Amino acid sequence: MLQDQLREIRTQLRMAMNGVISTSMREKGVVYKLNFGVPLPEVKQIAARHESNSELAAALWKEDIREFKLLAPLLQPVGEFSFKQAEQWVKEIPYLEIAEQCSRTLFSKLPYVENLTLGLVFNTKDEYARTVAYLIWGELFRQGKDITPPVKAAFLAESLRTVLWTDFGASWKEIQAAVKAMKFYGRQSDRHARQILSSFEDFPELATSPEKQEIYNDLKFEFEYYS
């Protein structure tokens, strides 16, 4: 049964494959054992043809196939995904696209999402851990959801650490994810926007760092637009 489902999905992917996209991704350093180059909207359409199933999701996730990695979080039942499994998936994320997909369609919906983000944001060993924490927070804020005070304090402190502390050595993807989460947080209220901007204004190197000044201006413009 499982093998039949996997074969069916492979057939559906082959019918939707786009060689131009897969070649472009490979040239940019995104290399899988197999990449059908199927655009995400079409991957979602394929997922809609199948019922959520933990066994199927696990089988898809373990394969080094781009579209299988994208389908896995779409087909994983939220109520059957343990904290340990979530941590393991984060360790195995190969590229930012997969991190974004998992965060948006699965991780942000988990009942233990706050504990998950706290564990991830203090994890400096796994390449995508902190990035995923910000992606999850960004999705929660985008949906207008709030988080408890201890988690909010961690979000504010760590996102500013990522963006402002040059010696922390955060990756580009981590910085971008943190800034995105800040934007959605600041959109929620004027108070939230002021929290973010005042932290930047108190940063001593802001005036002498063009990169930090650019991020500050971007956030300021964002909050003024949505106020």
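Analyst: A salt bridge is a side-chain nitrogen of Lys or Arg within 4 Å of a carboxyl oxygen of Asp or Glu. This is a predicted model: local features need pLDDT of at least 70, side-chain atom pairs count only at pLDDT 80 or more, and totals for chains, interfaces and linings use all residues. Residues are numbered from 1 along each chain as its sequence is written, and side-chain values use heavy atoms, leaving out hydrogens and water.

User: What is the N to O distance between aspartate 4 and arginine 7?

Analyst: Both residues lie in helix H1 (residues 2-16), three residues apart. Helices are DSSP runs (H or I, at least four residues), numbered from the N terminus. An α-helix has 3.6 residues a turn, so residues three or four places apart point the same way. The side chains of aspartate 4 and arginine 7 meet in a salt bridge, N to O at 2.4 Å.

User: Is arginine 130 buried or exposed?

Analyst: Arginine 130 forms a salt bridge with glutamate 174, with the closest N and O atoms 2.9 Å apart. The pair links distant parts of the chain, helix H9 and helix H11, 44 residues apart. Buried means under 20% relative accessible area, exposed over 50%, partly exposed in between (1.4 Å probe, protein chains only). At 4% relative accessibility, arginine 130 counts as buried.

User: Which residues are linked with Arg130 in a network of salt bridges?

Analyst: Glutamate 174, at 8% relative accessibility, counts as buried. The salt-bridge network links Arg130 with Glu158, Arg161 and Glu174.

User: How far apart are the end C-alpha atoms of helix H13?

Analyst: The expected span is 1.5 Å times one less than the number of residues. For the 17 residues of H13 (residues 210-226) that gives 24 Å, and the model agrees: the end C-alpha atoms are apart by 24 Å.

User: Within what arc do the buried residues of H13 fall?

Analyst: Lys212, Ile215, Tyr216, Leu219, Glu222 and Phe223 are buried in H13. They line one face of the helix, because their directions from the axis fall within an arc of 125 degrees.

User: What is the angle between the ring planes of tyrosine 134 and tryptophan 137?

Analyst: Rings of Phe, Tyr and Trp (its six-membered ring) pair if their centres lie within 6.5 Å; planes under 30 degrees apart count as stacked, over 60 as edge-to-face and the rest as tilted. The whole structure holds 13 aromatic pairs. For tyrosine 134 and tryptophan 137 the centres are 6.0 Å apart, and the pair is tilted because the planes lie at 45 degrees.

How values were computed:
Helix = DSSP H or I, 4+ residues; strand = E, 2+ residues; numbered from the N terminus. Arc of directions from axis to C-beta.
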